[in-house]
Amino acid sequence: MASGGPNLECRMYEAKYPEVDMAVMIQVKNIADMGAYVSLLEYNNIEGMILFSELSRRRIRSVNSLIRVGRIEPVMVLRVDKEKGYIDLSKRRVSEEDIAQCEERYNKSKLVHSIMRHVAETMSMDLEDLYVRIGWPLYRKYGHAFEVTLGFLSVYLYFFDFILNQCLAFKIIVTDPDSVLDPLTYEVKETGPDGQEVTKVVPAVTPEIKDALVKNEQGIATLNKAIAAATEEIERHKGKLAIKDAPRTVSERDDKLLQEHMEKLRQGNEEVSGDEDSEEEEDTGMGDVDVENAGVHE
């Protein structure tokens with residue numbers, strides 16, 4: 001992204017920090033002496049920490065068997081210090097029910113976020129401004145913006161036709177976006193003729209933003225129809241189509257990350273076998289560290 005362009009980084013939700021006892025999706029960034037530093041993916045990658053004592057209810061023989069750099073998973077929020085920016089997390093306290101609910105919410109939020117980010121990039125506007133105008137008001141009104149934008153992209157992808165017919169909210173925003181988007185407003189402060197500051201309520205969605213949103217959803221819907229048709233045909237011949245990642249909009253940043261990943265793969269393929277063997281021998285990491293005797297257990 002060019003310098004001076006729109007800011008396309010923003011949290012997914014209106015609250016800047018998660019609540020205590022809430023399950024959140026994290027990605028492990030690095031492992032230190034006391035625990036693991038992680039990024040909270042739903043909160044614009046703000047940093048949190050999981051102490052080793054919060055990794056498991058059982059004795060820890062190998063840290064690497066429980067947590068690895070790069071892994072994405074749900075954890076429980078223990079403490080939030082908003083002033084200092086400290087967020088303490090726990091892996092051992094998150095239940096199976098918490099995990100399922102967190103994964104469902106995150107997958108929905110991630111799809112909404114990809115559309116919001118793409119529209120902000122297309123319109124050359126800050127992503128947070130778009131969330132203030134559209135995203136967060138939809139979350140407040142419908143519980144989750146997914147319910148009015150991406151309901152058809154659920155785990156029931158194989159039953160696409162049924163979901164499409166039943167998901168009234170999605171049909172409304174595609175066939176009649178005015179009824180969902182036009183009521184959205186936000187407040188702006190202006191200086192009046194007398195020099196006094198006044199607050200005006202203005203429409204949150206411009207015709208250009210509305211057009212970009214609808215085009216994104218219609219494009220994703222077309223892709224999913226194609227996937228559903230392909231799935232039906234493959235299963236008719238006793239095969240199976242695995243959906244690794246549902247269709248979503250991508251940005252220039254996504255394209256750049258893909259290019260970087262492909263370049264790493266290309267460089268890896270060029271390595272000689274001798275180099276690979278030496279790397280494999282050295283790549284022991286913290287997986288070989290026995291922390292049981294260090295007292296890291298419950």
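Which residue follows H2, and is its phi positive or negative? In this predicted model, helix H2 is followed by Ser124, and the phi of Ser124 is positive, near 55°. The helix itself covers residues 96–123, a run of 28 residues. From the first C-alpha of H2 to the last the distance is 40 Å, close to the 40 Å expected at 1.5 Å a residue. H2 lies across strands S1 (23–31) and S4, and its direction is at about 90° to that of S1.

The chain as a whole contains 10 helices and 7 strands. It has 298 residues, of which 39% count as buried. Among contacts with a separation of 6 or more, 61% are made by residues 24 or more positions apart. The accessible surface of the chain amounts to about 18000 Å², and carbon and sulfur atoms contribute 49% of that surface.

A barrel is formed by 5 strands, which close in the order S1-S2-S3-S5-S4 with mixed pairing. From one strand to the next the twist averages 50°. Strands of a sheet pair through backbone hydrogen bonds, in either the parallel or the antiparallel sense. S1 and S2 run antiparallel and are joined by 5 bridges. These two strands make a hairpin, with 3 residues between them. Across this pairing, Gln27 stands opposite Ser39 in S2.

The pairing of S2 with S3 is also antiparallel and extends over 6 bridges. Here Gly35 stands opposite Leu51 in S3. The hairpin of S2 and S3 has 5 residues between the strands, and within this hairpin Asn44 takes a positive phi near 55°. S2 is largely enclosed by the rest of the structure, because 5 of its 6 residues are buried.

Strand S4 (residues 72–81) pairs with strand S5 (residues 86–90) in the antiparallel sense, through 5 bridges. Arg79 stands opposite Asp88 in S5.

Aromatic side chains form 3 pairs in the structure. The pair of Tyr13 and Tyr43 has ring centres 5.6 Å apart and planes at 70°, and is therefore edge-to-face. Tyr13 has a relative accessibility of 9% and so counts as buried. Tyr43, at 3% relative accessibility, also counts as buried.

A further aromatic pair, that of Tyr131 and Trp136, is stacked, with 5.3 Å from centre to centre and 25° between the planes. Tyr131 and Trp136 are both buried. One aromatic cluster is made up of Tyr13, Tyr43 and Tyr139.

Terms used: Residues numbered from 1 in each chain as written. Predicted model: local features only at pLDDT ≥ 70, side-chain atom pairs only at ≥ 80, totals over all residues. Heavy atoms only, no water. Helix = DSSP H or I, 4+ residues; strand = E, 2+ residues; numbered from the N terminus. Expected span 1.5 Å × (residues − 1). Buried < 20%, exposed > 50% of the residue type's maximum accessible area, 1.4 Å probe, protein only. Contact = heavy atoms within 4.5 Å. Areas by Shrake-Rupley, 256 points an atom, 1.4 Å probe, with all protein chains shown as cover. Pairing = 2+ DSSP bridges. Axes fitted to C-alpha atoms, helices over the stretch in contact; angles between N-to-C directions. Phe/Tyr/Trp six-rings, centres within 6.5 Å; stacked < 30°, edge-to-face > 60°.
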